Amino acid sequence: MRALVLIDGEHHAPVVRDALAALPYEVVGALLVGGAEKLRGGPPGASGARSSGRAASASPAALPADDYGVPLVDSLDAVEADVVVDLSDEPVLGPRERLLWASRVLALGLPYVGADFRFDPPAYHPFDLPSVAVFGTGKRVGKTAVTAHLARLLARDHDVVVVSMGRGGPPEPELVTAPPDVGELVARSRAGRHAASDHLETAAFAGVPTVGCRRAGGGMAGAPFDSNVLEGARLAASLDPDVVVFDGSGAAVPPIATDARVLVAHDLAGLNAYRALVSDLVLAAGDDVAVEATRLGRPAARFGLRLRPTARLEGRVAVFTTGPAGCGHLDADVVLHSRALADRHELVRQLEGVDADTYLVELKAAAIDVVAEHALARGRRVVLAENEVVSASGSDDLDALLLHVVAGRAGARA
């Protein structure tokens, strides 16, 4: 197995040379990532740690190859390798810098190995139809809203199916062909099933056939520990759509080799940089995230979310969300805005004092089994609220960017 090895100038060259010789690999090159204390005549620019995927020195040839016994290279992709081994250490590579190197290595499809760690790139399974994946850097970053928005955009001119995975998904992939209403969701909840799963939210708001799947666990680079998404993908393919949109779950990435990928990001720290590097577009929740995505060489755009009722709001209105979504734009007499949908104890406490005619609720967390049940028991209306995706002020046309990504990648096979 061929190895590219990361080295630094804080180690004396003979020490590194002996360590390279002891590795159980064919070492095809070494990449200097920083440090100059023990370099003979330390080349300019080599003193600081680098995490760009290129050598710290502008001229690796300035260091005699005989010092290390292997060729010195200037980038991760300069040689054909099967694994990248990290022989560096503090102070050249701290945890933040090391995880950025790991992200770049994994994005090349290579394992990243150190003294007491190993990261393997997630496995993505082949899929024969045009496809795009939407996934996030964490829970409640707007990923499901973006999936529904993209599905609606594509459905203007194509037959679209969404495959969604979640931590409350069904044991067998479930096809939902029509948007579920509140009555159907309550019936599902009373039958002991999760009535606010991501696939139900997508089916309710995207208006396209949606396949619900489940997953358990998630690796640092986004691989699910267990899922039935492959079976869900086969079910979606059997419908013969023009394009399939795969929806991630939390920070987990759909384990499918899609043609295009869109990352919805609230930060790019740690291995979130890997998620950005394997994506064709980063939708950023803040300016700092967009700037970081650009530094990584990925196209980025700012976006926001706006609460949109799916029916007319009547009388006094109580609003229930999982996060900081605003409701000042609503044409309604809002008497309560609870952000406790994901905190059942606090939610129940707040419901005790509610005096409203209409309950406006996101389809998440305890929306159905707690909020909807509370409203229906008192003869009150329940209206579902969609998180509408909007371009941030000063950002490019978000719809055009999304369609460009799909047309440029998935569209090539459509």
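In this predicted model, Asp-240 counts as exposed, with a relative accessibility of 58%, because the cut-off for that class is over 50%. Asp-240 is placed in the loop that runs between α6 (229-238) and β12 (243-247). The phi angle of Asp-240 is near 55°, a positive value in a residue other than glycine. Most residues other than glycine have a negative phi, and most peptide bonds are trans. Arg-140 belongs to the loop between β7 (131-136) and α3 (143-155). With a relative accessible area of 39%, Arg-140 is partly exposed. The backbone also holds a cis peptide bond, which leads from Glu-90 to Pro-91 and has omega near 0°. Pro-91 is found in the loop between β4 (83-86) and α2 (95-107).

An open sheet is formed by 6 strands in the order β3-β2-β1-β4-β5-β6, with mixed pairing. The edges are taken by β3 (72-73) and β6 (118-119); each has a single partner strand, so one side of each is left without a neighbour in the sheet. Within this sheet, β1 (residues 2-7) and β2 (residues 26-32) run parallel and are joined by 6 bridges. In one of these pairings, Val-5 has Ala-30 of β2 as its bridge partner.

Helix α1 (residues 13-22) has the buried residues Ala-13, Val-16 and Leu-20. Viewed down the axis of α1, these residues fall within an arc of 65°, so they line one face of the helix. An α-helix has 3.6 residues a turn, so residues three or four places apart point the same way. The cover over the buried residues of α1 includes β1 and β2. On the face turned away from the buried side, α1 carries the exposed residues Asp-18, Ala-21 and Ala-22.

Strand β13 (260-265) has 6 of its 6 residues buried, so the strand is largely enclosed by the rest of the structure. In a regular strand the side chains alternate between the two faces of the sheet. In β13 both faces are covered: Ala-260, Val-262 and Val-264 are buried on one side, and Arg-261, Leu-263 and Ala-265 are buried on the other. Strand β13 pairs with β7 in the parallel sense over 5 bridges, and in this pairing Ala-133 stands opposite Arg-261 of β13. Strand β13 is also joined to β14 (residues 281-284) by 4 bridges, and these two strands run parallel. Here Val-262 stands opposite Leu-281 in β14. Together with α7, the strands β13 and β14 make a right-handed β-α-β unit. Arg-261 also lies over the face of Tyr-124, at 4.4 Å from the ring centre.

Between β13 (260-265) and α7 (272-277) there is a loop that contains Leu-271. Leu-271 is buried, since its relative accessible area is 4% and the class requires under 20%. Leaving aside residues up to four places away in sequence, Leu-271 touches Leu-99, Ala-102, Ser-103, Leu-106, Phe-119, Met-220 and Ala-221. The C-alpha atoms of Leu-271 and Leu-72 are 26 Å apart in space, and the two residues are 199 residues apart in sequence.

The structure holds 4 aromatic pairs. One of them is the tilted pair of Tyr-112 and Phe-117, at 5.4 Å centre to centre and with 40° between the planes. Tyr-112 is buried, with a relative accessible area of 0%, whereas Phe-117 is partly exposed, with a relative accessible area of 21%. A further pair is that of Phe-320 and Tyr-359, with ring centres 5.7 Å apart and planes at 25°, so this pair is stacked. Phe-320 lies in strand β16 (residues 316-320) and Tyr-359 in strand β18 (residues 358-362), so the pair ties together parts that are 39 residues apart in sequence. Both Phe-320 and Tyr-359 are buried. Tyr-112 and Phe-117 also belong, with Phe-119, to one aromatic cluster.

Conventions
Residues are numbered from 1 along each chain as its sequence is written. This is a predicted model: local features need pLDDT of at least 70, side-chain atom pairs count only at pLDDT 80 or more; totals for chains, interfaces and linings use all residues. Side-chain values use heavy atoms; hydrogens and water are left out. Buried means under 20% relative accessible area, exposed over 50%, partly exposed in between (1.4 Å probe, protein chains only). Two strands pair if DSSP finds at least two bridges between them. Contact means heavy atoms within 4.5 Å. The arc is that of the directions from the helix axis to the C-beta atoms. A crossover is right-handed if, with the strands pointing away from the viewer, the path from the first strand over the helix to the second runs clockwise. Rings of Phe, Tyr and Trp (its six-membered ring) pair if their centres lie within 6.5 Å; planes under 30 degrees apart count as stacked, over 60 as edge-to-face and the rest as tilted. A charge sits over a ring if NZ of Lys or CZ of Arg is within 6 Å of the ring centre and within 35 degrees of the ring normal.
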